Number of protein chains: 2
Amino acid sequence: MRVHVQTFADDPEFAITPAQWHDAAAGAGEPPDDVSFGVTPADWDAARATADILVSHTAVLRRLGTLDAPRLRAVFVNATGVDGLAPFGWLPPGAMLLNNRGTHGQKAGEYIAMAVLMLAARLPALLAAQRAGQWRPVFSAPLAGRSATIVGTGDLGSAGARALRALGVAATGVRTVAAPHPDFADVVAVADLDAVLARTDFLVLACPLTAATKNLLDRRRLALLPAGAGVVNLGRGALLDGDALCDALDSGKVSGAVLDVFDPEPLPPGHRMWRTENLVITPHVSCDDPGSYNARSLRILFANLRALREGRPPPNRVDPDRGY
Amino acid sequence: MRVHVQTFADDPEFAITPAQWHDAAAGAGEPPDDVSFGVTPADWDAARATADILVSHTAVLRRLGTLDAPRLRAVFVNATGVDGLAPFGWLPPGAMLLNNRGTHGQKAGEYIAMAVLMLAARLPALLAAQRAGQWRPVFSAPLAGRSATIVGTGDLGSAGARALRALGVAATGVRTVAAPHPDFADVVAVADLDAVLARTDFLVLACPLTAATKNLLDRRRLALLPAGAGVVNLGRGALLDGDALCDALDSGKVSGAVLDVFDPEPLPPGHRMWRTENLVITPHVSCDDPGSYNARSLRILFANLRALREGRPPPNRVDPDRGY
């Protein structure tokens, strides 16, 4: 198969290098595919007539627009959330979209554990005291034995559930349809989310952004949480109503929030969230390890290329109707 | 045995109430001891001639001074670190000091996990960006597989080692003399600490403050850490050289620190640490859960009273020469 890897020279973050490619191919025991690397729009123009597989990034694909590439069987995007690429009419007929789902789990699990531990220990209030230069003790109960609900039982959410279980927290998972999952104490359908919120000390959003999940944590659902609950978001910013969350933090209804994703990103200067108390902001870094990101992604890509070559369904195929 | 519980009305934090006492005694299947509760110096004066056991707090004991109590067999202090009570000449001849070692493990383990996760994720730098209202991504490697050294393999340190193990970190323990410990990958003697520091990504201080551990993490030892290491202290403030740590944070040699203990406490207004970048301050709250503190302490006290009654060595006896 003829593979083309397209990045743009002015957007080098997480760009896959030829050396990384060949290392990963050797590690995966892959036959040497016919691969080319492009860094300009002209490079893509030269490659598109013969490419079977395009490997690229969200921002690059958005700039390329509708792909005129008659042989293209698959586009692999070096990201898991593909909300920025929807709707998917830019895909050539007969080409599928593959994401790098599986790349982010290790760091996501650690971020979820960290965020929930911080919220249980009332770190947001302690950080506010520190900013004020004031010694203001706030005591708290241990995390172990408290309750957490994780929306999304995929790579991110299940890694979070495993990390929380190791810390004595049995997490409830929320997904499209209820189904047992080994990492969760129980799993409920998103249609039953409201009933779960009242017994949720810590709510973690770790699901894809789709038409069905946009604004999932709205003002009404925030009100269903118990007083003093904590909120974590590492899915996408638009999963929650940011103004309603800030109001809930201002009133103390929500005791703290740890957010890695925002709408829009970067969070604009002067945005209300920058100055909301008891809110911890991390700038979309929760799940990305530059030292291993491309190696993990390429391992996943090669598993998908093998499936394509052997006529099996590639495990990372995105369903355009579901949006993930 | 005649037990007297002494607090002072103006220092009510963690004061043991008669209801808590009787609940815990019933829960422990203890015979009803002859117990009295005092809240003024006069109450202690009335009790001291007949008391076999005094149950109290560090601040209260410091105010009582040398104890003139001829029958006293043991003083139980509702704290683990007894550095604030040394030297121990105030104890009547023949009386032993008992601490509440074992009360703090659950929260300590969670605090150590939280602090090390925060340092691995470069939270201190991200919090500084947030304070500045600036979107400044800092990426980091996962915690799993990195190295941690915990000084102190007692209640706090071993709970931290278990939590870190659950997160994929094999911790090295440091104690007075090397000896295998099930929660640690390996344990070295404090005499060999220097050799361990060079391979320590995260250094956690969780040991008692004694003449031998005062200033343990001094300027020379800080320099032995690898560039970008993280430091956590939940033992006592005087275990480390605060000025040297601030210098190491200012230079970037240490990438972040999470401190729960200070010298002195409360950390004075305007102290350099309040404004040192990449330093997270929590005001001596890491290990104390008001909801369970006294119940945990009393469970430990009753186990010690049972040992005294049965002629066994009480497990929480403090060795005045060691200071813990």
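In which helix is the place of Asn304(A)? The model is predicted, and in it Asn304(A) lies in helix α10 of chain A, which covers residues 293-309. The points below describe this residue and then the interface of chain B and chain A.

**Asn304(A) and its surroundings**

- Asn304(A) counts as buried because its relative accessibility is 0%, where the cut-off for buried is under 20%.
- The side chain of Asn304(A) reaches the backbone nitrogen of Asn316(A) at 2.9 Å.
- Leaving aside residues up to four places away in sequence, Asn304(A) touches Leu98(A), Pro314(A), Pro315(A), Asn316(A) and Arg317(A).

**Extent of the interface**

- Chain B and chain A each bring 47 residues to the contact.
- Between them the two chains bury about 4000 Å², and 74% of this area is on carbon and sulfur atoms.
- Of the area that chain B buries against chain A, 22% is supplied by Gln130(B), Trp135(B) and Phe139(B), more than by any other three residues.

**Polar interactions across the interface**

- Ten residue pairs are in polar contact between chain B and chain A, with both residues at pLDDT 80 or more.

**The side of chain B that touches chain A**

- The elements of chain B that give two or more residues to this side are α4 (105-120), α5 (123-131), α6 (155-166) and β12 (279-281).
- Helix α4(B) gives the most, with seven residues.
- By type, the residues of this side divide into 31 nonpolar, nine charged and seven polar.

Technical notes
Residues numbered from 1 in each chain as written. Chains lettered and ligands numbered in written order. Predicted model: local features only at pLDDT ≥ 70, side-chain atom pairs only at ≥ 80, totals over all residues. Heavy atoms only, no water. Contact = heavy atoms within 4.5 Å. Buried area = accessible area lost by both parts, 1.4 Å probe. Polar contact = N/O pair within 3.5 Å; in protein donor to acceptor, adjacent residues only side chain to side chain. Helix = DSSP H or I, 4+ residues; strand = E, 2+ residues; numbered from the N terminus. Nonpolar A, V, L, I, M, F, W, Y, C, P; charged D, E, K, R; others polar. Buried < 20%, exposed > 50% of the residue type's maximum accessible area, 1.4 Å probe, protein only.
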